[in-house]
Amino acid sequence: MPAQASGVPKKVAAIMTVYRPNSHSDVIVGKYLEGWLQDGKSPGPRSKLVSMYTAQVPDNDMSRAMAAKHKVPIYRTIYEALTLGTGELAVDGVLLIGEHGDYPMNDKAQKLYPRFELFLEITDVFRQTGQTAPVFNDKHLSYSWIKAKRMVEISREMGFPMMAGSSVPVSHRKPAIDFPWGEKATKAVAISFSGLDIYGFHLLESLQCMVERRRGGETGVKAVQCLQNQSVWDFLDSTPWARRLFERAISHSETRTTGDLRQNVREPAVFLVDYRDGLQAAAFLLTGGVRDFTVAIDVEGWSQPVSTLMWLQSGKPHRHFACLTMNIEKMFESGVATYPVERTLLTSATLDFALESRFQGYKRLETPELNIRYWVPKHSSFCAGAPNTDPPVSA
């Protein structure tokens with residue numbers, strides 16, 4: 001939990017696509033309203049939610065009842081949610097949660113969440129009022145690499161702190177280790193499950209949050225390719241380094257199904273990522289084989305790879321989202337991003353190109369556009385201690 005800053009708590013607006021049970025709005029905004037355990041009793045973030053906006057109101061909407069219960073106004077426009085009807089920016093931080101809701105899919109199997117469009121409305125308020133505040137964007141910046149890039153550019157042009165991404169990089173780990181800062185990474189494997197877009201982002205993020213700590217910092221991605229079905233097993237069988245790291249990563253899984261993995265996983269997929277500095281990575285989606293996130297990375301000069309499980313709580317109160325909220329809180333309190341938004345920019349872009357590779361018949365795509373360079377702090381931002389620690393504890 002961030003150190004308690006002096007002065008009054010920060011005021012936060014939540015801009016959401018939907019707020020329904022078990023949505024990202026539920027497990028993030030719910031912690032602002034009802035504490036880390038979402039039980040109405042436990043302590044919670046220091047900042048206070050002062051306004052909400054929802055783009056959609058489904059039949060199982062929670063926003064209206066929660067707003068009434070906690071006396072938080074819901075506004076019909078983003079402008080009103082950020083100004084509280086004053087005509088001036090009246091909040092100290094913005095939660096942009098554009099996950100879940102009734103939105104179409106495109107021909108690349110991407111859900112067209114309007115994160116970019118909601119972000120533009122938020123920044124329009126900044127322009128109109130001449131004031132800014134830190135913004136946290138949940139998960140992808142956008143399904144579109146071009147839109148994601150523009151979001152980061154706007155934050156830089158306007159000079160406000162911005163963070164993005166999901167709970168996976170900051171969740172508890174088993175073992176509680178990080179990639180050794182400043183060491184050289186040579187090969188990497190990450191393993192996860194579920195859909196190409198919705199969990200492909202999480203998968204690539206679990207990889208990126210580790211390898212970005214390597215010697216020389218992050219320098220970007222040179223090429224991306226997606227493979228599916230038998231081609232995945234063919235790649236694994238013909239690539240010794242990938243097979244070795246695959247076995248090491250999956251050894252940490254706590255959810256691996258019994259029986260033959262290749263029989264259990266009916267539609268495997270892998271994203272092959274070649275980084276500009278020579279690092280090679282393979283990120284596998286193995287639905288039916290596992291239901292967790294594991295990684296293994298070769299370190300130059302080390303006899304064994306660095307390998308861990310990124311632990312997510314399967315049921316309520318979804319403590320890994322407390323780990324995420326803790327890191328958001330640090331930005332709201334300090335005015336400085338806890339970790340670089342460029343991580344999410346590169347992850348969003350890599351996923352977009354991977355799905356484009358699939359759309360183009362699984363072609364390897366050169367990505368000179370992804371010359372995305374950044375450094376991360378030496379200290380880690382994942383949750384340390386026991387997974388049931390309340391409040392969450394930073395590494």
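Two strands count as paired here if DSSP finds at least two bridges between them. Keep that in mind as we walk through this structure, which is a predicted model.

Let's start with strands β7 and β10. Strand β7 covers residues 185-192 and strand β10 covers residues 280-285, and the two pair in the parallel sense over six bridges. Strands of a sheet pair through backbone hydrogen bonds, either parallel or antiparallel.

Now zoom out to the whole sheet. Eight strands make it up, in the order β6-β12-β11-β7-β10-β9-β8-β13, and the sheet is open with mixed pairing. At the edges stand β6 (172-174) and β13 (365-366), each with a single partner strand, so one side of each is left without a neighbour in the sheet.

Next, follow β8 and its two pairings. Strand β8 (residues 221-228) is joined by seven bridges to strand β9 (residues 269-275), and the two run antiparallel. Glutamine 228 has alanine 269 as its bridge partner in β9. β8 also pairs with β13, again in the antiparallel sense, over two bridges. There, alanine 223 stands opposite glutamate 366 in β13. How many of the eight residues of β8 are buried? Seven are, so β8 is largely enclosed by the rest of the structure.

What lies across the sheet strands β7, β10, β11 and β12? Helix α8 (residues 240-250) does, running at about 50° to β7. The residue ranges to highlight for the other two strands are 293-299 for β11 and 306-311 for β12.

Phe246 and Ile250 lead us on to leucine 261, which touches them both, along with Trp233, Arg256, Leu286 and Gly289, leaving aside residues up to four places away in sequence. Leucine 261 sits in helix α9 (residues 261-264). Is leucine 261 buried or exposed? Its relative accessibility is 9%, and since buried means under 20%, leucine 261 counts as buried. For a sense of scale, leucine 261 and leucine 365 are 104 residues apart in sequence and 29 Å apart in space, going C-alpha to C-alpha.

On to the helix pairs. The axes of helix α5 (residues 145-158) and helix α11 (residues 342-359) come within 8 Å and cross at roughly 165°. Because angles over 145 degrees count as roughly antiparallel, α5 is roughly antiparallel to α11. Their crossing is left-handed. On the α5 side the contact is made by Trp145, Ala148, Lys149, Val152 and Arg156, and on the α11 side by Glu342, Leu345, Ser348, Ala349, Asp352 and Phe353. By type, the residues in this contact of α5 with α11 split into six nonpolar, one polar and four charged.

Compare that with helix α1 (residues 24-34) and helix α10 (residues 319-334), whose axes come within 10 Å and cross at roughly 55°. That angle makes α1 oblique to α10. The crossing of α1 and α10 is right-handed. From α1, His24, Val27, Ile28, Lys31 and Tyr32 meet Phe321, Ala322, Leu324, Thr325, Ile328, Glu329 and Phe332 of α10. The residues of the α1 contact with α10 divide into eight nonpolar, two polar and two charged.

Finally, a few backbone details to check. Most residues other than glycine have a negative phi, and most peptide bonds are trans. Where are the cis bonds described here? One runs from lysine 316 to proline 317, with omega near 10°, and proline 317 is in the loop between β12 and α10. Another joins aspartate 390 and proline 391, with omega about 0°. Proline 391 is in the loop between β14 (383-384) and β15 (393-394).

As for phi, lysine 71 has a positive value near 55° without being a glycine. You'll find lysine 71 in the loop between α2 (63-70) and α3 (78-83), and it is exposed, with a relative accessible area of 73%. Tyrosine 362 also isn't a glycine, and has a positive phi of about 70°. Tyrosine 362 lies in the loop between α11 and β13, and at 31% relative accessibility it counts as partly exposed.

Key. Residues numbered from 1 in each chain as written. Predicted model: local features only at pLDDT ≥ 70, side-chain atom pairs only at ≥ 80, totals over all residues. Heavy atoms only, no water. Axes fitted to C-alpha atoms, helices over the stretch in contact; angles between N-to-C directions. Helix = DSSP H or I, 4+ residues; strand = E, 2+ residues; numbered from the N terminus. Parallel < 35°, antiparallel > 145°, perpendicular 65-115°, else oblique. Left-handed = near helix turned anticlockwise from the far one by under 90°. Contact = heavy atoms within 4.5 Å. Nonpolar A, V, L, I, M, F, W, Y, C, P; charged D, E, K, R; others polar. Buried < 20%, exposed > 50% of the residue type's maximum accessible area, 1.4 Å probe, protein only.
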